[in-house]
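The turns below set values against them.

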Amino acid sequence: MAHRIISQVVFTGARVFGRAFAEAYKQASASQKYAAANSSNPTASNSLSSAGLTLDEACRILNVSPPRGGQGNLDIVHERFKRLFDLNDPKKGGSFYLQSKVLRARERIEMEVREAREAAEREAELKEDWRPRMYKG
């Protein structure tokens with residue numbers, strides 16, 4: 001009698017484990033297909049600092065003009081960010097969601113300005129005919 005109960009418990013456990021394993025495999029396969037589809041679409045990728053915001057969306061959120069050639073007025077961006085961030089403070093009855101959108105918009109604009117400035121500095125360095133130092137030993 002005891003061997004019957006033990007075998008029933010073992011078979012039931014194996015069946016449950018098998019079903020769970022099959023379901024996990026299905027989910028992993030679907031996740032892999034989804035990731036492969038999104039990796040081929042560069043507009044679907046999210047960077048950490050921008051959280052999927054485009055530069056246009058970020059400028060509309062903060063109501064500023066897009067930076068041109070790394071020449072963005074970051075003082076206006078910071079001023080509008082501070083005002084909107086404080087207005088949407090959850091402790092004052094604001095929305096955490098809107099506050100995070102404002103933060104991501106500022107980060108996106110700063111990232112664009114920083115990348116444009118770095119590119120301009122590299123170009124300027126190349127135009128100056130930069131040459132490495134030669135050491136004679």
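**Reading the labels**

H2 is followed by Asn63, and the phi of Asn63 is positive, near 55 degrees. The model is a predicted one.

Q: What makes the phi of Asn63 worth a remark?
A: Its value is near 55 degrees, which is positive, and the residue is not glycine. Most residues other than glycine have a negative phi. Asn63 sits in the loop between H2 and H3.

Q: Why is Asn63 called exposed?
A: Its relative accessible area is 57%. The cut-off for exposed is over 50%. Asn63 therefore counts as exposed.

Q: Why is Arg60 called exposed?
A: Arg60 is found in helix H2. Its relative accessible area is 57%. Exposed means over 50%, so the label applies to Arg60. In space, Arg60 and Ala105 are 8.8 Å apart, C-alpha to C-alpha, and in sequence they are 45 residues apart.

Q: How do you know that the buried residues of H2 are on the same side?
A: The buried residues of this helix, residues 55-62, are Leu55, Ala58, Cys59 and Leu62. They cover an arc of only 95 degrees around the axis, so they lie on the same side of H2. They pack against helix H3 (74-87) and H4.

Q: Which residues have the most contacts inside the largest nonpolar core?
A: They are Cys59, Leu62, Val64, Val77, Val102, Ala105 and Ile109. The core has 13 residues. H2, H3 and H4 are the elements that give two or more residues to this core. Val64 touches Cys59, Ile76, Val77, Arg80 and Ile109, leaving aside neighbours within four places in sequence.

Q: Why is Arg106 called buried?
A: Arg106 has 18% relative accessibility. Buried means under 20%, so Arg106 qualifies. Arg106 lies in helix H4, residues 96-127. It touches Leu62, Val77, His78 and Phe81, not counting residues up to four places away in sequence.

Q: What makes Arg106 and Glu110 a salt bridge?
A: Their closest N and O atoms are 3.5 Å apart. The limit is within 4 Å, so the pair counts. Both lie in helix H4, four residues apart, about one turn of the helix. Arg106 is buried, and so is Glu110.

Q: How do you know that Asp86 and Lys82 form a salt bridge?
A: The closest N and O atoms of the two are 3.3 Å apart. That is within 4 Å, so the bridge counts. Asp86 and Lys82 are four residues apart in helix H3, so about one helical turn separates them.

Q: Why is Asp86 called partly exposed?
A: Asp86 has 31% relative accessibility. Buried needs under 20% and exposed needs over 50%, so Asp86 falls in between.

Q: What makes Arg104 and Glu107 a salt bridge?
A: The closest N and O atoms are 2.8 Å apart. The limit is within 4 Å, so this pair counts. Arg104 and Glu107 are three residues apart in helix H4, and about one helical turn separates them. Arg104, at 28% relative accessibility, counts as partly exposed.

Q: How many salt bridges does the structure hold?
A: The structure holds five salt bridges.

Q: Which residues form a nonpolar patch on the surface?
A: Met1, Ile5 and Val9 form it, with about 350 Å² of accessible area together. Ile5 lies in helix H1, residues 2-39.

Terms used
Residues are numbered from 1 along each chain as its sequence is written. This is a predicted model: local features need pLDDT of at least 70, side-chain atom pairs count only at pLDDT 80 or more; totals for chains, interfaces and linings use all residues. Side-chain values use heavy atoms; hydrogens and water are left out. Buried means under 20% relative accessible area, exposed over 50%, partly exposed in between (1.4 Å probe, protein chains only). Contact means heavy atoms within 4.5 Å. Patches are made of residues with over 30% relative accessible area and no salt bridge: like charges are joined within 9 Å, nonpolar side chains (Val, Leu, Ile, Met, Phe, Trp, Tyr) within 5 Å. Accessible areas come from the Shrake-Rupley method with a 1.4 Å probe; for residues, only the protein chains shown count as cover. A salt bridge is a side-chain nitrogen of Lys or Arg within 4 Å of a carboxyl oxygen of Asp or Glu. The arc is that of the directions from the helix axis to the C-beta atoms. A nonpolar core is a set of buried Ala, Val, Leu, Ile, Met, Phe, Trp, Tyr and Cys residues joined through side-chain atoms within 4.5 Å.
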